[in-house]
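Take a look at the chain below. We will walk through it piece by piece, from the overall picture to single residues.

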Amino acid sequence: MSPDLKETFKDSGAAVRPAPSPPAPAALAAKVRTLAPSMTRSMQRVAEAVAHDPAGCAALTVTGLAARTGTSEATVVRTSRLLGYPGYRDLRLALAALAAQQATGRAPAVTADIAVDDALPDVVAKLAQEEQQCLADTAAGLDLTQLEAAVGALAAARRIDVYGIGASNLVGQDLVQKLLRIGLIAHAHSDPHLAVTNAVQMRAGDVAVAITHSGRTTDVIEPLRVAFDHGATTIAITGRPDGDIASYADHILTTSTARESELRPAAMSSRTSQLLVVDCLFVGVAQRTYETAAPALSASYEALAHRHSPRSPAR
């Protein structure tokens, strides 16, 4: 897309991004878990019904599902679209496919909250289960069209800035370290003032990456908006693709999160899925730039090799 056309879209307040693909049937439950907190209560009833009983709901017309959930036909259609389907007919097809998959006998996923008096072995088992489910949900719900576009932008970038606060900043630093190792120019910004002042220098050919689970973190949204307005390609890694961050993102990569609890808030559990997305981006970029990435990675290993060599025993 030409810079002029992108600028036209920016002037209208809408980011330009590839049309999202409808989620695969296996991703439906993950999509519900991700988006339910931002839904109205009536939409939550529809979403919970289709996630918990895909076979039963697949057999219902839009009128039947509205009656079952005590909502309206319009609410059912809006919920279908929010979940990523063009309409209720497409959601019904996905529900039927999901029901068929479940009928094969695969055990359902089990999640459980961690209690303050849980024994340590139980904590380990519960956390391992939650992490596995979180990674599976993220992989199932990741829009590969958006991922491919984001990889292409990063691989061709003149400069890459990454914005994140708190736990998301740790993920941002991980992405930057990986990109630096394959010879790309990348910087991670956790100070919101420095992030904005650096974003002012972004131009077409540069890429800005914002990481925010909530999609509403002002200190992350603001530098992304500035980079977007200055012509940079913008990428959002977020658990809330309908959040404020979406207004300034050319490409959105949606993450899932383990069930939130008192001892493990979303800001902590979201990091697992964010790291998976970062690894997908890195590997994709390394593949695209292999001729330069491989020598750069080897050089970085060699530069650090002496730091990992066993020390001679003290005399």
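A residue is called buried when its relative accessible area is under 20%, exposed when that area is over 50%, and partly exposed in between. By that rule, buried residues make up 43% of the 315 residues in the protein chain. Keep in mind that this is a predicted model.

The chain has 14 helices and five strands. Now consider which residues touch. Take the contacts between residues at least 6 apart in sequence. Of these, 73% join residues at least 24 apart.

Now zoom in on strand 1, residues 160-164. How many of the residues of strand 1 are buried? Five of the five are, so the strand is largely enclosed by the rest of the structure. To see how this looks on each side, recall one rule. In a regular strand, side chains alternate between the two faces of the sheet. Here both faces are covered. I160, V162 and G164 are buried on one side. D161 and Y163 are buried on the other.

Strand 1 has partners too. Four bridges join it to strand 2 (residues 186-189), and the two run parallel. In this pairing, I160 stands opposite A186, and D161 stands opposite H187. Strand 1 also pairs with strand 3 (residues 207-212), again in the parallel sense, over five bridges. There, the bridge partner of Y163 is A210.

What lies on the path from strand 1 to strand 2? Strand 1, helix 10 (residues 167-181) and strand 2 make a right-handed β-α-β unit.

Helix 10 includes residue 181. The charged end of R181 sits over the ring of Y301. The distance from the charged end to the ring centre is 4.9 Å.

How many aromatic pairs does the count come to? The answer is one. F228 and Y248 form this pair, and it is edge-to-face. The ring centres are 6.2 Å apart, with 70 degrees between the planes. F228 lies in helix 12 (residues 218-229), while Y248 lies in the loop between strand 4 (233-238) and strand 5, so the pair ties together parts that are 20 residues apart in sequence. The two partners can also be described by their accessibility. F228 counts as buried because its relative accessibility is 2%, and buried means under 20%. Y248, with a relative accessible area of 25%, is partly exposed.

V200 counts as partly exposed, at 34% relative accessibility. Leaving aside neighbours within four places in sequence, V200 is in contact with V226 and H230. V200 and D229 are 29 residues apart in sequence. In space, these two are 8.8 Å apart, C-alpha to C-alpha.

Then turn to Q44, in helix 3 (residues 41-52). Is Q44 buried or exposed? At 16% relative accessibility, Q44 counts as buried, because the cut-off is under 20%. Setting aside neighbours within four places in sequence, Q44 is in contact with A36, P37 and M39.

Finish at T289. T289 sits in the loop between helix 13 (266-288) and helix 14 (290-308). At 14% relative accessibility, T289 counts as buried. Not counting residues up to four places away in sequence, T289 touches A155 and I182.

Conventions: Residues are numbered from 1 along each chain as its sequence is written. This is a predicted model: local features need pLDDT of at least 70, side-chain atom pairs count only at pLDDT 80 or more; totals for chains, interfaces and linings use all residues. Side-chain values use heavy atoms; hydrogens and water are left out. Buried means under 20% relative accessible area, exposed over 50%, partly exposed in between (1.4 Å probe, protein chains only). Contact means heavy atoms within 4.5 Å. Two strands pair if DSSP finds at least two bridges between them. A crossover is right-handed if, with the strands pointing away from the viewer, the path from the first strand over the helix to the second runs clockwise. Rings of Phe, Tyr and Trp (its six-membered ring) pair if their centres lie within 6.5 Å; planes under 30 degrees apart count as stacked, over 60 as edge-to-face and the rest as tilted. A charge sits over a ring if NZ of Lys or CZ of Arg is within 6 Å of the ring centre and within 35 degrees of the ring normal.
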